[in-house]
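Biologist: I'd like to learn how to read a model like this one, feature by feature. Could you walk me through it?

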Amino acid sequence: MAAAVPLPVMLLVGAMAVAVMLVGAGAGAAGVRGGRRQQPQQLRMGFYAKSCPAAERIVGDYVRLHVRRVPTVAPALLRTHYHDCFVRGCDGSILLNSTAAGAAEKDAPPNLTLRGFDLIDRVKGLVEEACPGVVSCADVLALAARDAVAAIGGPSWRVPTGRRDGTVSTMQEAVRELPSPSMTFPQLVALFAGKGLDVRDLVWLSGAHTIGIAHCSSFADRLYSYPTAGNGTGTVPPLDAAYAANLRQRKCRMGGRDAAVEMDPGSFLTFDLGYYHTVLKHRALFRSDAALVTDPAARADIAGVVSSPPEVFFQVFARSMARLGAVQVKTGSQGEIRKHCAVVNS
C-alpha cells in the first residue's frame, strides 16, 4: 500500500474525531440503526497461522504484483468480492461455474462484466501448492480484494479468516439479491438491512465506485428516458444536463456500442473522494448513486466526508468493508474447502 502523506498531529486528531462522528451518527432515518453485528466465533485474525502460515503472504504478493502491472485488477476484485457477499454470504459461490444442473451466479446478467476469476484461480493454485485443502476460495477472494485496493493506494482493513466455501450457486438468486443501478434509496436500505448492513454501510460502500466504471446500458434511462417518479424520500435528481449531453454525444450514442464510462472521471484508478464530489454535483451515473442525496442525513454524511482529510473516508470505508466481509459466512463444518474455486469438490 502506498504510504499515506503524514499529517500534523492536530489534523490527524481532528480527522479521527470527524471519522468517529460519521461512524457513530449514521445516515438517514429510513435505515437500520442496530448495534454491531457479532463476529462469527470461528472467523478470526490469523486463522491459518498454524495450518498455512504463508497463505496471506502468497495472496498479497501475487495480487500486488498484478495490480502494479494492470491497475484495473483492483476494482475488478473488489466488485467480485462485493457480489459474492451479497448472494449467500461471503462463501465464494460467485466463483463457481455453471453446470448441466443449472446456471451459476457468475452467469447472471449483473455478473457478466465481472473479471478476475482467472487471477483468483491462479492464487488459489499457489496456496494449494503450499497447503493443500486448507485455505478456502472465499478467504482467498476476501484477502485479494483487500490487498488489491491497498495496492492502488486505497485503505486496508482487517480480514479475519476461516470462511468455508459454499456448494450452491444459482443465477436466479444473484438476479434477486444483488443491488440494481436503478434502485431507489428505500430499496437499497431494505436490501442492505437484509444482509445485516446499515445505512452507514450503504453510503460508505458506495464509495467503491471511486474506482469503478459503468457501461452505458446500465444508466441509459438517466440519459434518454429519465423517470419523474419520486422514491419515497424525494425525487432522485436528474443527471447534470451538460454532463448528460456530453455523454450522449461522446460515449453513449443511441444505438452505439455499449461503452464503458468512468464513474469518477479523471481519477477512476485513484481511491479518493472524487466519487462523492460527483454525487453532490449530480453527475452520478447510476440512479442508485444519485438516490443517496435524497436522504438528508446521508447527504450530510457525504458532505462531511468530502470536507475532511481522505483518511476519514479510508477509515469509514474500511470499517464497512470489514462488516461486508462477515456477511452470512460459513465456518466450522459448514460448506467445504474447494480444491478448485470454479467447481465443488466431488
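**Reading the model, feature by feature**

Modeller: Gln328 is partly exposed, with a relative accessible area of 42%. Keep in mind that this is a predicted model.

Biologist: What is the backbone doing at Gln328, and where does Gln328 lie?

Modeller: Phi of Gln328 is near 50°, a positive value in a residue other than glycine. You'll find Gln328 in the segment after helix 14. There's another case to look at: His282 has phi near 60°, again positive and again not a glycine. His282 sits in the loop between helix 11 and helix 12, and with a relative accessible area of 31% it is partly exposed.

Biologist: Now the rings. How many aromatic pairs turn up in the whole structure?

Modeller: A search finds twelve of them. Take Tyr276 and Phe313: their ring centres are 5.3 Å apart and their planes stand at 90°, so this pair is edge-to-face. The cut-off behind that call is planes over 60 degrees apart.

Biologist: Which parts does the pair of Tyr276 and Phe313 tie together?

Modeller: Tyr276 belongs to helix 11 (residues 274–280) and Phe313 to helix 14 (residues 310–324), so the pair ties together parts that are 37 residues apart in sequence.

Biologist: Are Tyr276 and Phe313 buried or exposed?

Modeller: Both Tyr276 and Phe313 are buried. They also belong to a cluster linked by ring pairs, along with Trp157, Trp204, Phe271, Tyr275, Phe314 and Phe317.

Biologist: What sits over the ring of Phe117?

Modeller: That's the charged end of Lys106, 4.2 Å from the ring centre.

Biologist: On to pockets. How does one look for empty space?

Modeller: Rolling a probe the size of a water molecule over the atoms shows where empty space is left. Here, the largest pocket holds about 1000 Å³ of space. Its lining counts 40 residues, and Arg79, His83, His209, Ile213 and Phe286 lie nearest the centre.

Biologist: Which element gives the most to the lining of the largest pocket?

Modeller: Helix 3 does, with six residues. Among the elements that each supply at least two lining residues are helix 3 (73–86), helix 7 (185–193), strand 1 (213–215) and helix 14. Sorted by class, the lining of the largest pocket has 25 nonpolar, eleven polar and four charged residues.

Biologist: How about a single helix? Which residues of helix 10 are buried?

Modeller: In helix 10 (residues 241–250), Tyr243, Ala244 and Leu247 are buried. They cover an arc of only 100° around the axis, which puts them on the same side of helix 10. Turned away from that buried side is a face with the exposed residues Ala241, Ala242, Gln249 and Arg250.

Biologist: Where is Leu126 placed?

Modeller: Leu126 is in helix 4 (residues 117–130). At 33% relative accessibility, Leu126 counts as partly exposed.

Conventions: Residues numbered from 1 in each chain as written. Predicted model: local features only at pLDDT ≥ 70, side-chain atom pairs only at ≥ 80, totals over all residues. Heavy atoms only, no water. Phe/Tyr/Trp six-rings, centres within 6.5 Å; stacked < 30°, edge-to-face > 60°. Helix = DSSP H or I, 4+ residues; strand = E, 2+ residues; numbered from the N terminus. Buried < 20%, exposed > 50% of the residue type's maximum accessible area, 1.4 Å probe, protein only. Lys NZ or Arg CZ within 6 Å of the ring centre and 35° of its normal. 1 Å grid on protein atoms, 1.4 Å probe; cavity = no way out; pocket = protein on both sides within 12 Å on 5 of 7 lines; lining within 4 Å. Points joined across faces, edges and corners; volume = space filled by probe spheres on them. Nonpolar A, V, L, I, M, F, W, Y, C, P; charged D, E, K, R; others polar. Arc of directions from axis to C-beta.
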